[in-house]
Amino acid sequence: MATDRASTLPARQILSGLSVASSSQNPPSSSARAAGSSFYTAMKILPPAQREAMFEIYSFCRRVDDIADSDAPRVERLMELASWRGDVEALYAGQVPPRVASLAKPVADFDLAKEDFLALIDGMEMDAFDDIRAPAAATLDLYCDRVASAVGRLSVRVFGVERAAGIALAHHLGRALQLTNILRDLDEDAAMGRLYLPREALRDAGVISTDPATVLANPMLGAGCDEIVALARDSFREAEAIMARSPRRTVRAPRIMGDAYRAILDKLTARGFAPPRTPVRHSKLRLLLIVLRNLV
């Protein structure tokens, strides 16, 4: 489910901080791409077929995310994303282009929906087309659906969550994770010229500018962030209620993701949003404890 940044997925919604050099001639394996993720351990607890499917989904997410966040001219990024869109279309038409060939088995085994892969590319195109700065709340909601909930919809099929419950879980947990990413990565995104806080929350706090650096220096920033904290907590609660009604074996991985990100949100609120904003991360021990708690 993206790198662990605001602009990324489970990839942007549930996966973190991987930096792996690749080339078209010798790309890293899907498991190697996932190995740098904070949720690699969560994926490893899955049965083999599910684990490999999640590695492949992660790899796809990472590769298109790398395009959106690259330094290439925007037109080149958009053309490359369009090429990946064509590969997905071809895969579902039975032609199986080489760079998506490893997705063929997970797609068949878990009935993964083409629309969710395409939605993820749509989200990457939002970042590639222009730097998002204080979007309208409706635009942010669409962005979260594309870069987070779409990956969640792919993931819950792999996890085996019942269809209706899985769609609802992907909706709420995806948003909770992505909103937490946004709050955590304010400075990192601002360095790229991006600001994902919605304009309505900023204006409610008395912040009018949409310039990332100006907004992050505003003493009223915390009030605007508090609205996003509340939205994220609401989404976490909705997701938890769905998981409480689901068979435990099907929601172990999303529980780990939710618990890890809820702990990050707690740390962010305890730290506050005034500069200087000390980076918030999990220690390996803390993440291991979260995983072990969900295996009992």
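In this predicted model, leucine 221 is in contact with Leu186, Leu197, Leu202, Val207, Val215, Leu216, Phe273 and Arg277, when its neighbours within four places in sequence are left aside. Leu221 also belongs to the largest nonpolar core, which comprises 77 residues, and together with Phe60, Leu183 and Leu197 it touches the most other members of that core. Apart from this core lies another one, made up of 6 residues, among them Ala42, Ile256, Ala260 and Ile290.

Leu183, one of the residues that touch the most other core members, falls within helix H8, which runs over residues 163–184. Helix H8 is mostly covered, with 17 of its 22 residues buried. At the start of this helix, the backbone nitrogen of alanine 164 is approached by a side-chain oxygen of glutamate 162, which reaches to within 3.2 Å of it.

Glutamine 50 is located in helix H3, which extends over residues 48–68. With a relative accessible area of 15%, glutamine 50 is classed as buried, because this value is under the cut-off of 20%. Once the neighbours within four places in sequence are left aside, the contacts of glutamine 50 are with Phe110, Val158, Phe159 and Gly160.

Key:
Residues numbered from 1 in each chain as written. Predicted model: local features only at pLDDT ≥ 70, side-chain atom pairs only at ≥ 80, totals over all residues. Heavy atoms only, no water. Helix = DSSP H or I, 4+ residues; strand = E, 2+ residues; numbered from the N terminus. Expected span 1.5 Å × (residues − 1). Buried < 20%, exposed > 50% of the residue type's maximum accessible area, 1.4 Å probe, protein only. Polar contact = N/O pair within 3.5 Å; in protein donor to acceptor, adjacent residues only side chain to side chain. Core = buried A, V, L, I, M, F, W, Y, C linked by side-chain atoms within 4.5 Å. Contact = heavy atoms within 4.5 Å.
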